[in-house]
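Please read this briefing beside the sequence and the structure.

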Amino acid sequence: MILNRRAALGLGLSALAAPAFVRPAGAASCALPDLDRGILFTRKDGSRGLARRESDGMVVIDYVTNRGDRIDRRRVENGVFETSRVLSESELPVVGSAPPEFTWTYGRKTVAPQASTGWSGKVKEVRKDVGYGDFMKEIVSRSRTSWDAVFSFLPGKPVRLSGCSYETVPVEATFTGKAGAHSRRWVYFPQLGLGLETRRDGVANGLVALTST
């Protein structure tokens, strides 16, 4: 059976706090994007995404909205702390399986990034895989691991996207555990309460556009 992943999967949406937003000289209008209504973004590889805050305050970020059935949808608290992710790297429907789902819980309360500070703690990860056997019987498997995470909130810096200037807080994180180690990087927009991933395990994919829906 071929499953339409984008139609079948749904996560929640939520948001957070706020960087200085500056109207560029000569710009006729540079209104602050509204995370409740939705913020569109584009990354260097051409992938387009959508971020929106849900009623429970969490943010859902769909990193790929223009690649067929490919899915990379994440639920986030405090801008950069992901609590769940549904991932499918294929642009075509997959027969007899569903995209893996990841959930993360943090050993202590997370915080919104503030320049020149940070956060560290334990992170527990659960990966759920679903397959289908004879007569489409669902087969569920789960694997668990834990990480020691260190988030560094770097000094703020201005960036310019889609004709508007923002102050941002770059965020870098490292995760180490028995399963190995990996690293991440985001650009966090305090005034929007939104962090967007720009590097994963050394592979960069920065932002080139940011607009309202």
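Strands β11 (164-177) and β12 (180-189) form a hairpin with two residues between them, and the two pair in the antiparallel sense over nine bridges. Strands here are DSSP runs of E with at least two residues, numbered from the N terminus, and two strands count as paired if DSSP finds at least two bridges between them. This is a predicted model, in which local features need pLDDT of at least 70 and side-chain atom pairs count only at pLDDT 80 or more, while totals for chains, interfaces and linings use all residues. Residues are numbered from 1 along each chain as its sequence is written, and side-chain values use heavy atoms, with hydrogens and water left out.

**Pairing around β11**

- Strand β10 (residues 157-161) pairs with β11 in the antiparallel sense over five bridges, and Pro158 stands opposite Glu167 in β11.
- β10 and β11 form a hairpin with two residues between them, and Ser162 in the turn has a positive phi of about 50°.

**Pairing around β6**

- Strand β5 (residues 71-77) and β6 pair in the antiparallel sense over seven bridges, with Val76 opposite Glu82 in β6.
- In the hairpin of β5 and β6, three residues lie between the strands, and Asn78 takes a positive phi near 50°.
- Three bridges join β6 to β7, which run antiparallel, and the bridge partner of Val86 in β7 is Glu101.
- Strand β6 (residues 81-88) is mostly covered, since eight of its eight residues are buried, where buried means under 20% relative accessible area, exposed means over 50%, and partly exposed lies in between (1.4 Å probe, protein chains only).

**Nonpolar cores**

- A nonpolar core is a set of buried Ala, Val, Leu, Ile, Met, Phe, Trp, Tyr and Cys residues joined through side-chain atoms within 4.5 Å.
- The largest such core has 20 residues, and those with the most contacts inside it are Phe41, Ile61, Phe189, Leu194, Leu196 and Leu210.
- The elements that give two or more residues to this core are β2 (39-43), β4 (59-62), β11, β12, β13 (194-200) and β15 (207-212).
- A second, separate core of 18 residues includes Val80, Phe81, Phe102 and Val123.
- Leaving aside neighbours within four places in sequence, Leu210 is in contact (heavy atoms within 4.5 Å) with residues that include Ile39, Leu40, Phe41, Phe189 and Leu196.

**The disulfide**

- With a disulfide defined as a pair of cysteine sulfur atoms within 2.5 Å, the count comes to one disulfide.
- Cys30 and Cys164 form this disulfide, with their sulfur atoms 1.6 Å apart.
- Cys30 lies in the loop between β1 (21-22) and β2, whereas Cys164 is in strand β11, so the pair ties together parts that are 134 residues apart in sequence.
- Both ends are covered, as Cys30 counts as buried at 2% relative accessibility and Cys164 is buried with a relative accessible area of 9%.

**Two residues in detail**

- Thr110 is found in the loop between β7 (101-106) and β8 (117-132), and Thr110 is buried, with a relative accessible area of 4%.
- The side chains of Thr110 and Glu77 are joined by a polar contact of 2.9 Å; such a contact is a pair of N or O atoms within 3.5 Å, of which, within protein, one must be able to donate a hydrogen and the other to accept it, and residues adjacent in sequence count only if both atoms are side-chain atoms.
- Not counting residues up to four places away in sequence, Thr110 touches Glu77, Asn78, Phe81 and Trp119.
- Ser152 has its place in strand β9 (residues 138-153) and counts as partly exposed at 29% relative accessibility.
- The C-alpha atoms of Ser152 and Trp119 are separated by 6.7 Å, although the two are 33 residues apart along the chain.
- With neighbours within four places in sequence left aside, Ser152 is in contact with Thr117, Pro170, Val171 and Glu172.

**Confidence**

- The chain averages a pLDDT of 85, and 80% of the residues score at least 70, where pLDDT is the predictor's confidence in each residue, from 0 to 100.
- Over residues 1-28 pLDDT stays under 50, and for this stretch the model has 113 contacts beyond four places in sequence.

Conventions: Helix = DSSP H or I, 4+ residues; strand = E, 2+ residues; numbered from the N terminus.
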